[in-house]
Structures are given as structure tokens and as C-alpha cells.
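Hi,

Here is the structure I promised to pass on. Have a look at it first, and then read my notes below.

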Amino acid sequence: MSRDWGSAEDVCLGEQTFRLCCEEFIQHSRSINDEWDWEHSQGSEDGYMKKILLKAANGSTPPAWDDQRNVQGEKGELELEAQHGVYEELEDPGAGCSITTGPEMTRYEYHVVYSSSYQSPVLYFRACKLDGRPLSLEEIWERVHDNYKDRLLQGPWDTITQQEHPLLGQPFFILHPCRTHEFMTPIIQAAKEENRHLNVITAWLSMVGPVVGLALPISYATAASKHKTAPD
Amino acid sequence: MADDKDVLRDVWFGRIPTSFTLYQDEITEREADPYYLLLPRVSYLTLVTDKVKKHFQKVMKQEDMGEMWLEYEGTPLKWHYPIGLLFDLHASNTALPWNITVHFKNFPEKDLLHCTSNYVIEAHFMSCIKEADALKHKGQVINEMQKKDHKQLWMGLQNDKFDQFWAINRKLMEYSVEEGGFRYIPFRIYQTTSDRPFIQKLFRPVTAEGQTHTLGDLLKEMFSAAVTPDDGEKKYQVVIHGIEPVLETPLQWLSEHLSYPDNFLHISVIPMPTD
């Protein structure tokens, strides 16, 4: 298992940059009602980005939501999951929306947390049925699309494991962060060379999110490219 | 005066006398006696409690036995924390033996990670070692090792083989003279009074000007309440492996000698005992 980490040095994501990127990301999220928010860790300045999603297995989407899907389609949402028939994404029923609570409904919770050890973001996630029963690792694994499974099975450091959330102390699942630099480095280098603003969080989340059922509407990328000044 | 290498042995061979009692609501075919064990401070609960499971298996039906989990005074014990850390954090100033309660039902999904096989423990252990090396050497030392070296670290821990473990671990404790120490020190500071499980941040063992950082410097930066002011009353004990190191101890030395096998310094900050 020999990897050259030397090149990772210049593409480390400092904690300051992480926060700035998250701020920018959440700003855009609010403008499109994508429901990402910043959560503060109790009694400290640390925090993380959080989003909750309700999903149903494909085929059991209540008819009332068809219009929602069309609206999201117009926004150019990445419909990887829909195409592969894994999940239809539904919005968290906020105020006044009635939704069929069938046995297949699952509540997903995603956190974007900063790792100072790897100087990169890490995606923590957990899922439970509406009765509170948490999904097991096997059940999470079942829901990963086959294409991604091949990639995940290639090495012990790429797989999904259960891990304690560093700020909440509760069990979550993660995609191990030690290889983040490998796929992020070329993306960051390219943006530098082309003098193009890049929100590292947006780029990173668009890569890892879909593996675990989290899609990013394309408007995040177009919003980022409108920024004139890149955060350091 | 103990040789530095003796410190490594003392840390490795530390033991905690423990009694395991079955939770009263578990369904048994006859009364279950407590089971006594000397637990290695540097190991993990699920790695060393097979005998505990077998002992209680004798008085229970297989269908009444789900995944075993352990608890101390109502607090589920996180198997992925080293045993010595759990003891220092939860039972430091109580009488021995450490009384742990054994459960086979109602696994606390919100508190504990599942541990379905030794491979899960190995993966967790290696993941900690990798993270520690990312901090110390940007991961260069661990990534240049062969798979069999990684395996030797794990087997050394699993089989309680000090020499086998340290034959490889000594490489993870090296640094160049110019650097004066590791890049950053792998540490975690724990306390029971906060929701946050631990404090872990970047901290250098030596300043840019060449000054050595001490344990006291680390605490002042990360958890200032743990450092007693000159004219104040001591409110906390700072414990590693059951001892309170002097705050002037260089952090680099602590990292090389008092780290757990996962290469992290796990530091407990506990309130002063009231008696």
C-alpha cells in the first residue's frame, strides 16, 4: 500500500478555507431551498454542515409528488439515482405537506465535518426508518448502486464503515477520508491553472455524495463560477 | 531512574482487575456467577472478553443472546476506546475491581458501534494508526510499510507480544533531527462532562523558534480549565495510563513513550475526587 503523499501538501484544505467554502455553499443552498444548514458544536466554535432527507424506495412515490419531481428536473438536478432506479428524492415534509408514511420511508442525515488529521472534509451519514430503527451497515450497503460498489470494494480504505461522530459522539457511517486527496488534487490543480474559482466543498461533495444517495443540483457549480474572488 | 524503554514495557503490560456481572434482567437458566479478568490497559474490550461471553453462554439460551455489550454504572462502554482510557475516564478513583455489567439485549444503537468480528477491531485499530501517522509524518511512514508490517502491528496487539509490536512501531516513532520531533502530535483529550466526545486539533511538539511544547502547553491551548492557576485550587486531574504526568513533561517525549498502541495519546481530564 504505497502512496506518495508529497503532492497532497499543496492541496490541503485548511480549516479556515473549509468554513468559507461551507458558508458559500450554505448561502447557495438557502437560495434554492436545498436545506443544508450549519450546526454549531455545543460550547465551542466548531461546527458542521447538516442536511436531512426523506426517501422512499422507487415505485412507492405518492402521486402528489410528481409535480415536485418535475420542478427539480427543470433545475437540472443530477438524477443519477432516478436513472438507475435506486431512489426518488423527496423533500423533508416541512409545514403542512401530507405524505404517505409507508414502511419503505427512510430518513437520511448527512453531516459534512472537517478532519484536521487529513485536512479534508469527511461525509458522515446515518439513516433510520420512521419508527426510529437505525439502518445497519448491511442495509446501507444494499442501497449503494452497483457501479459504486466496485470502486468501494477495491481497497480497505475506500469502504463504508461505522465510526463515532467526532463532535456528537454517536455512531455514524463514513467513507474513509484518507484517499480524498487523490481525487481532489487534479480538480484543485486544474482550477488553479485555469484561474477559476472553485468551491472545494461543492466539488468534493458532488463526487462522494452520490455514492451514498446524496445528489447536488448543478446550480451549485454555476453559482460558484460566478464568484470573482477565490478564498485562499 | 527508569530507562525510557522500561516505560514502554510498563505501559504495555498495565492491567486492570475487573469483575463482569450479568445484568439482572437477562434471561438465565440458572444463576450466573460474576467472572473475573485482568484486562490489558492497551487493548480493546471486544478483543479480550471472549471468555466473558463463553462464561455467560453456559447459563443462557442461544436465542436470548444478541450482541454482547458492556456498561459501567449506566454508561455503555465504547469498545473502540482503549480499555485503559475507559477506566481512567469512568472509574479512576473508585475501588478495585472495576465492576462492569454485561448485556446481551437492547443494544444501545445510539451510543455504541457494532463489533461483529475481530476484523472490525483490526480495521478500527489500523485506521487510528494511519490517522496518527498522517499527523506525525503526513502518512509517509505507514504508507511505505508493507502489508505484512501492518499485520504485525495488529498481531502484536492481539497476541500481547510487546517485541513483535515494537519491532514495527519503532519506525512510527522516528523523526529526523532537523525536524526536532513529529509534524503534529496525535492526541485526544476526553472528559465526561461534555457532549463532545473528545478534543482533537493540530498541535506541534516544537515551535518554529525551536521551543519544546509541554503537556501544560497543550492543555493551556486546548483545555485551559485543566491547568490550575498559580493561586487557584486544583479542580481536575490529567490522567494518562492511570498516572498524572508532570505538566512540564515534553509533549514529544509523551507521544513517543505514553501513546497507546494506536499511536495516540489518550488523555483523560477528570474532576478531582471529593474525599
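I'll start with A:Thr202, which is in helix α7 (residues 200–208) of chain A; helices here are DSSP runs of H or I with at least four residues, strands are runs of E with at least two, and both are numbered from the N terminus. A:Thr202 is buried, at a relative accessible area of 10%, where buried means under 20%, exposed over 50%, and partly exposed in between (1.4 Å probe, protein chains only). Setting aside neighbours within four places in sequence, A:Thr202 is in contact with A:Phe25, A:Leu216, A:Tyr220 and A:Ala221; contact means heavy atoms within 4.5 Å.

Before going further, some housekeeping. This is a predicted model, in which local features need pLDDT of at least 70 and side-chain atom pairs count only at pLDDT 80 or more, while totals for chains, interfaces and linings use all residues. Residues are numbered from 1 along each chain as its sequence is written, chains are lettered from A and ligands numbered from 1 in the order in which they are written, and side-chain values use heavy atoms, with hydrogens and water left out.

Chain A in general: there are eight helices and seven strands, and buried residues make up 50% of its 232 residues. Of the chain A contacts with a separation of 6 or more, 63% are between residues 24 or more positions apart. The accessible surface of chain A comes to about 11,400 Å², with 49% of that belonging to carbon and sulfur atoms; the areas come from the Shrake-Rupley method with a 1.4 Å probe, and for residues only the protein chains shown count as cover.

Next, the cysteines. How many disulfides are there over all chains? The count comes to zero, taking a disulfide as a pair of cysteine sulfur atoms within 2.5 Å. A:Cys21 has its closest cysteine sulfur in A:Cys22, but at 7.0 Å that is too far for a bond. A:Cys22 is likewise in no disulfide, with the sulfur of A:Cys21 as the nearest cysteine sulfur. A:Cys21 is buried, at 1% relative accessible area, and A:Cys22 is buried with a value of 1%.

On to the rings. There are 21 aromatic pairs over all chains; rings of Phe, Tyr and Trp (its six-membered ring) pair if their centres lie within 6.5 Å, and planes under 30 degrees apart count as stacked, over 60 as edge-to-face and the rest as tilted. One of them is A:Phe18 with A:Tyr114, whose centres are 5.2 Å apart and whose planes are at 40 degrees, so this pair is tilted. A:Phe18 lies in helix α1 (residues 15–31) of chain A and A:Tyr114 in strand β4 (residues 106–115) of chain A, so the pair ties together parts that are 96 residues apart in sequence. A:Phe18 is buried at 1% relative accessibility, and A:Tyr114 is buried at 13%. Over in chain B, ring pairs link B:Trp12, B:Phe13, B:Phe162, B:Phe165 and B:Trp166 into a cluster.

Two charges sit over rings as well, meaning that NZ of Lys or CZ of Arg is within 6 Å of the ring centre and within 35 degrees of the ring normal. A:Lys55 lies over the face of A:Tyr108, 4.8 Å from the ring centre, and the charged end of B:Arg188 is over the ring of B:Phe198, 4.4 Å from its centre.

- "domain: Autophagy protein ATG5 alpha-helical bundle region" (unreviewed entry) is listed by UniProt for residues 120–174 of chain B, where the model has 84% helix and 0% strand and the end C-alpha atoms are 28 Å apart.
- "domain: Autophagy protein ATG5 UblB" (unreviewed entry) covers residues 184–269 of chain B in UniProt; that span is 17% helix and 15% strand, with 21 Å between the end C-alpha atoms.

Helix α4 (residues 83–91) of chain B is mostly covered, with eight of its nine residues buried, B:Phe87 and B:Asp88 among them. B:Asp88 is also one of the contacts of B:Val239, which is in strand β7 (residues 236–239) of chain B and is buried at 5%.

Best wishes

Technical notes
UniProt positions are given in the numbering used here, feature names are shortened, and annotations may be inferred rather than shown by experiment.
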